[in-house]
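Please find below a colleague's note on the model under review.

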Amino acid sequence: MSNQPLSLRMAKSVERRYRPGMMKWHYEHGLILYASLKAAELYGDDSVYPWVYSMYDPMIAADGSIATYREGEYNLDQINAGRALFILYDKSGEERFIRAAARLRSQLETQPRCRNGVYWHKEIYPWQIWLDGLYMEGPFNIEWAKRHGDMAEMEDVVRQLETTYSIMRDGATGLLYHCYDESRGMKWSDDATGLSPHFWSRSIGWYLMAAVDVLDYLPKNHAGRDSIIEIIKDLSLSILPFQSKEGMWYQVTDEGEREGNYLETSGTAMFAYSFFKGVRLGYLSQSYLAPARKALEGIKEKYLSEDGSGELHLGGICSVAGLGGNPYRDGSFRYYISEKVVSDDFKGVGPFILACTEAEQA
């Protein structure tokens, strides 16, 4: 296994620990399996697909119904696990997979929206936009739209990215705030702007990956391409000054070495992936390769390890971060650094695999 590229090594390490029957219909499970498929695709490795199939197989019934999925929650997080359904359908020809994708698409047809047209993150978070949500639904939604020739839906995906960027961008730093409350009803939201008080690297990473991935499915002549590319350029440029000397980014992006802040893996991997892919596809200049490589090397040096059996493990991953809820999360600096830091969490390992696939192409 040690002779394999790092992306495949990581995917194979996950496969050893993550077996059929362990999957939940959840964005991070979908993320790790999708990332593993992309690594396998790069190298023509046929051994990963049967594992991914075996994970999804018990989840999807013949009519396309999905175990544990509840459309009425209106939870954008549930959509991202659908990205692999397109690959499963293309490879297997089994209609149940595209029927399952149709069920997810059905949720988006009635997903509540803010007055500005952007989806609520979840029904339990009314009038709220979270950066995470743009990744959870955007790439899935635009691939569905491309497969069905739905230009209006493509426009909607682009418009939601643009609207979110304009609302949540900080004029001084160019960074994006984690959340926005259109109603101004949450204690964490600023009375004037509706924005949460801090920049969280992983949330910015979700958004940037969404913008980069959406372009895979947007026609070359689509008017929205230039707008999304400009967003990628502007946001990438804004992120760069906050890269640490070790190559990684901090949990709270702009707070550097403030006591309690730490170098965080998932956000760093997302930025590295977006930089590498942005260069490869011509959205970013070649100058972004150096910080992308530095970021990946920083993760490997600080948080990547190998156990006695040759399996790889990845640490330094923020377990979770959000706002509101019970117990209440106030979005303070103290809150963001108080959440658990864990190893082998799919929210970090998935983007790391994706970043490695791009680095290996570069």
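Predicted model: local features only at pLDDT ≥ 70, side-chain atom pairs only at ≥ 80, totals over all residues.

1. Cavity count and volume. The structure holds one cavity of 30 Å³ or more. The volume of the largest cavity is about 40 Å³.

2. Cavity lining. The residues that line the largest cavity are Leu76, Val118, Tyr119, Trp120, His121, Gln128, Ile129, Trp130, Gly133, Leu134, Glu137 and Gln160. Two elements, β1 (128–130) and α6 (131–147), each give two or more residues to this lining. By class, the lining comprises seven nonpolar, four polar and one charged residues.

3. Nonpolar cores. The largest nonpolar core has 115 residues, and Trp25, Tyr56 and Leu85 have the most contacts inside it. Leaving aside residues up to four places away in sequence, Leu85 touches Trp25, Tyr56, Ile60, Phe97, Ala100, Ala101 and Leu104. Another core, of 14 residues, lies apart from the largest one and includes Trp130, Cys318, Phe333 and Tyr336. Trp130 also belongs to the lining of the largest cavity.

4. Length of helix α9. Helix α9 (residues 224–239) has 16 residues, so at 1.5 Å a residue it should span 22 Å. Its end C-alpha atoms are 23 Å apart, which agrees with that expectation.

5. Burial of helix α9. Which residues of α9 are buried? They are Gly224, Arg225, Ile228, Ile229, Ile231, Ile232, Leu235, Ser236, Ser238 and Ile239. The elements that cover these buried residues include α7 (151–168), α8 (201–214), β3 (249–250) and α10 (265–280).

Note on methods
Residues numbered from 1 in each chain as written. Heavy atoms only, no water. 1 Å grid on protein atoms, 1.4 Å probe; cavity = no way out; pocket = protein on both sides within 12 Å on 5 of 7 lines; lining within 4 Å. Points joined across faces, edges and corners; volume = space filled by probe spheres on them. Helix = DSSP H or I, 4+ residues; strand = E, 2+ residues; numbered from the N terminus. Nonpolar A, V, L, I, M, F, W, Y, C, P; charged D, E, K, R; others polar. Core = buried A, V, L, I, M, F, W, Y, C linked by side-chain atoms within 4.5 Å. Buried < 20%, exposed > 50% of the residue type's maximum accessible area, 1.4 Å probe, protein only. Contact = heavy atoms within 4.5 Å. Expected span 1.5 Å × (residues − 1).
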